[in-house]
Amino acid sequence: MAAMPERIGKYRIIREIGRGATAIVYLAENPFYPEPIALKHISFNDKAKDQAKWNRRLLKLLRAEEAVSKRLNHPNIIRIFETVIEADQAYVVMEFFEGYSLERYCTFDNLLPMHRVVSIIFKCCMALDYAYKNGIIHRDIKPANILVDDQDNVKITDFGLALNIKKQSEEDSTFIMGVGSPAYMSPEQVKSYPLNQKTDLYSLGVVLFHMLTGRLPFRAKNPAQLVYRIINADPPSVVLLNPAVPETMEPVIRKALEKDLYSRYKNGAEMAKDLSAVRYKIYDENEHVEDNSHFGQLRRLNFFTEFDDVEVWEALRIGKWRQCEQLTTLITEGSGDARFCVLIEGRVELSIEGRRVAEYGPGEVFGESAFLDELDKKQIATVVTLTPVTYLEINPAALVLASEECTDHFRSRLTTLAMRRLAAAMRQQSKSGEAATRGAGGAPAGFELQLVGN
């Protein structure tokens, strides 16, 4: 790693405050002004062919950002004071803002209270409305490009991909069209259609969804599947994913994420007005601490090993946290009760026709038979607590509301457990069984075709 420079241009470097794939951001000071500034530095030292091509692209981004910045002067948009492009380096001198990107507030374990989320997104709406009135579309709205401090002062940054809609040259209108962050892109953006201000409002709607639920509205295993869902799928309900979200927020999210441009918010001021009318619930710090504790307990269980953190949080949201005393019947043999449960603490006994068949401890699942059996939908065993227990109860009706990834992980884990238990039961049965019949040879691996002559 190269040593930190003492000076870049006329600016004295104080310390590094950020680093990305193409640039390093330093805290710096101008000898003629008392206020510190942020300096984004890009080096063009690598002369490789691919790097040279990327450098030309970076220069285009920098020039675009410089051109855009001259037209924007808003309290919620980072000011750019100077852009310097030289043979071996380039740097952008901008307003220093001591805050964090919204990325840190997009996980279940660190969601902000509702009133703070509304305040932040409201200010973003007004900033984007201002930008559009000045002919600018950002095109890459995402949590990483929105900064916020502890007082909820907000700054939108990184206008390098911005589109100047008042400059109608062919080069400008097609300038790196489609570039952006796929998970936050609007349907028209992933299709590379012409864009207007509504694409930024869609992306801001995705950010709002992420901040309210800790997950993205559309997730997929590959880019093609993600694009398909952005274009065709409806987003899940924010209220179902996070019961703390008031129902009045649901129509705001739906309108921001409308695929039909005519049904989406027409400008940032309109979206801000609806946000200001949302009546949010009072944030309960004790409930938040309890949720974090429950998440930690689930995360440690073997059952959830293959789940991503966001899916563990989903399981916690759709499930019910239960506690029962010793000698309590939780599930009855032959019933159509389709609930299944993940045991967190304590031990339970399974019995069939009054005979004990198994004892389970933390991390095990019970009651899954009615869920997996799509024909009879009956419980095959009675479950009784041997000790006081804590468990997560999952109702199939609630699981339907979870993301596809979360549902797939549950089905995969339950099927695997069922097969392992079946294999163990068959091995146990074999110990008292008769000797096996021995065959004469192995079965062929496939079919063989032979030509038979007359």
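Two strands are said to pair if DSSP finds at least two bridges between them. Helices (H or I, at least four residues) and strands (E, at least two) are DSSP runs, numbered from the N terminus. The model is predicted: local features need pLDDT of at least 70, side-chain atom pairs count only at pLDDT 80 or more, and totals for chains, interfaces and linings use all residues. Residues are numbered from 1 along each chain as its sequence is written, and side-chain values use heavy atoms, with hydrogens and water left out.

**The sheet**
- Six strands, in the order β1-β2-β3-β4-β6-β5, form an open sheet with antiparallel pairing.
- Because β1 (7-8) and β5 (80-85) stand at the edges with a single partner strand each, one side of each has no neighbour in the sheet.
- Strands β2 (residues 11-19) and β3 (residues 24-29) run antiparallel and are joined by six bridges.
- R15 has L27 in β3 as its bridge partner.

**K40**
- Strand β4 (residues 36-43) contains K40.
- K40 is buried, at a relative accessible area of 16%; buried means under 20% (1.4 Å probe, protein chains only).

**Helix α11**
- Nine of the ten residues of α11 (residues 309-318) are buried, among them W313 and R317.

**N267**
- N267 sits in the loop between α8 (250-256) and α9 (268-276).
- N267 and L128 lie 139 residues apart in sequence, yet 8.4 Å apart in space, C-alpha to C-alpha.
- The side chain of N267 reaches the backbone nitrogen of E270 at 2.8 Å.

How values were computed. Buried means under 20% relative accessible area, exposed over 50%, partly exposed in between (1.4 Å probe, protein chains only). A polar contact is a pair of N or O atoms within 3.5 Å; within protein, one must be able to donate a hydrogen and the other to accept it, and residues adjacent in sequence count only if both atoms are side-chain atoms.
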